[in-house]
There are 2 protein chains.
Amino acid sequence: MRLKVALIQQSCSENRTETVAKTIGMIREAVSKGAKLVCLQELHTGVYFCQAEDVNRFDMAEPIPGPSTDEFGAVAKELGVVIVLSLFEKRAAGLYHNTAVVLEKDGSIAGTYRKMHIPDDPAFYEKFYFTPGDLGFKPIKTSVGNLGILVCWDQWYPEGARIMAMNGADMLIYPTAIGYNPDDEKDEQIRQRDAWIISQRAHAVANGLNVISINRVGHEPDFSGVCSGIKFWGNSFVAGPQGEFLAHASEENEEIVVCEIDLERSENVRRWWPFFRDRRIDAYGEILNRWGR
Amino acid sequence: MRLKVALIQQSCSENRTETVAKTIGMIREAVSKGAKLVCLQELHTGVYFCQAEDVNRFDMAEPIPGPSTDEFGAVAKELGVVIVLSLFEKRAAGLYHNTAVVLEKDGSIAGTYRKMHIPDDPAFYEKFYFTPGDLGFKPIKTSVGNLGILVCWDQWYPEGARIMAMNGADMLIYPTAIGYNPDDEKDEQIRQRDAWIISQRAHAVANGLNVISINRVGHEPDFSGVCSGIKFWGNSFVAGPQGEFLAHASEENEEIVVCEIDLERSENVRRWWPFFRDRRIDAYGEILNRWGR
């Protein structure tokens, strides 16, 4: 089965209405090019507010279902397309998550995934905003396949990719917001970007799956004025089940990447490279430890 | 702490004496260039005999300790260098392993690692020859650091790399014998080679460790005459803890790669990218399953 997927790589502003309108315009264009699955980047309804810790930013959160699932749900239904959203979820007063929502092509909610691994670095203060996910690594069943959604920091953890694959994901999808510290040296920036790409391509290889990674672009200032902001590095891509690039977006520009993936290829690659046959599950127990003895 | 490591990328023949003599010559040259740790490729004392299933090939196996540990142990002691061997171990009649042995600089055996994941594909009939390892993923303590030895097919499994790192490995070392099927198309060959490189660089990233991978070169015919043999693809390399190349050998030639690694860099990279801080060990239990429900 072949499937046209679209990746919406965009910049975002403090103006939610404008940002969402731009995204919906890009979704329409992607669908006009044949996309049956549209993947949006992490926290795509506005700026990456985790650059500083500010209690007022919790005003940006929303319930699920809520305004974004209504608005994008109407688009999914109108266009008959499956859409992967990434939202700032308000679950209760004082309890928030970084949550992906998959909308079915009839506009209903097919399922949600709450980001399991939460980072916390200067300019990425996510532990202040998001409680780590409590839904585990469960693919979301849709009319276009079982979607293994993982979000940003999750991409550094082979464990999440592995469990998603074992639970039947047909592909892995990583909505992301990652970028350079403009003060870092160029060499360091390149090492970081390449490490990000390599790690996700390796998840494709280890699990014999297509991997779709959608990142934001553009510079966003640090609204607290402490740091130099983040230059989001784009480079959204699709990797095939041998880790090979099927599509690769630019570093600077907003882009609609439309890419056809072949879901049968996983079947073939896993026959050639039968990694799942030989896993030493009798010897992996220590992986559940925090550290060695 | 800085450490000069050497990777011996070579071709091998059916003549063990000649092959070992060449290896020892290359070890001498590596040490003359300052190497304190010399890493040999997988099953370096002869041809890659797993291209076909032949009971007579068990004659190539040897006990540990045995002839190779004696011979290379004398070299280690003479030169004052730590050496990583990869041997066909005869443990008992009818019980054989693919075993790495680390020799201390005084010539003694610092420790062994028995290959945990055993492949079996056309031209790589290892399940016929080797019982899967039963020593787990334990780094070997030496005067130059804790060596996380993993062998060839292990390199496709993030679980092995992870557990080695958590058990205190200062670096990961992959003796390997991998190559092209000469009948495959060029595109497929490139995908395979790149997947092999990416997967190991990603282990460096995920675990914040240097990774050393040593592969064989040259074409070896299929002694059973069924297939077109294997063209071993070289490309031995050293990656730093962000996955960046520190050294990268050619695809065709025998080479002695001498590369200085900085063991303090792991400390720094793990501070910047604190992946171990955030592992969701509460949610990884399914990784011990053979497959999802």
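**View 1. A salt bridge joins Glu159(A) and Arg162(B) in this predicted model.** The closest N and O atoms of the pair lie 2.7 Å apart. A salt bridge here is a side-chain nitrogen of Lys or Arg within 4 Å of a carboxyl oxygen of Asp or Glu. Across the interface of chain B and chain A, the rule finds 10 salt bridges.

**View 2. Chain A meets chain B.** Chain A brings 57 residues to the contact and chain B brings 56 (contact: heavy atoms within 4.5 Å). About 5,600 Å² is buried between the chains, 59% of it from carbon and sulfur atoms. Buried area is the accessible area (1.4 Å probe) that two parts lose on being put together, summed over both. Ile287(B), Arg290(B) and Trp291(B) supply 12% of the area that chain B buries against chain A, more than any other three residues.

**View 3. Helix 5 of chain A packs on helix 5 of chain B.** Each helix spans residues 186-207. Their axes are 8 Å apart, at an angle of about 120°. Axes are lines fitted to C-alpha atoms over the stretch in contact, and angles run from 0 to 180 degrees between N-to-C directions. Helices are DSSP runs (H or I, at least four residues), numbered from the N terminus. Contact residues include Ala195(A), Ile198(A), Ala195(B) and Ile198(B).

**Notes.** Residues are numbered from 1 along each chain, chains are lettered from A in the order written, and side-chain values use heavy atoms, without hydrogens and water. Local features need pLDDT of at least 70 and side-chain atom pairs pLDDT 80 or more, while totals for chains, interfaces and linings use all residues.

Definitions and conventions
Helix = DSSP H or I, 4+ residues; strand = E, 2+ residues; numbered from the N terminus.
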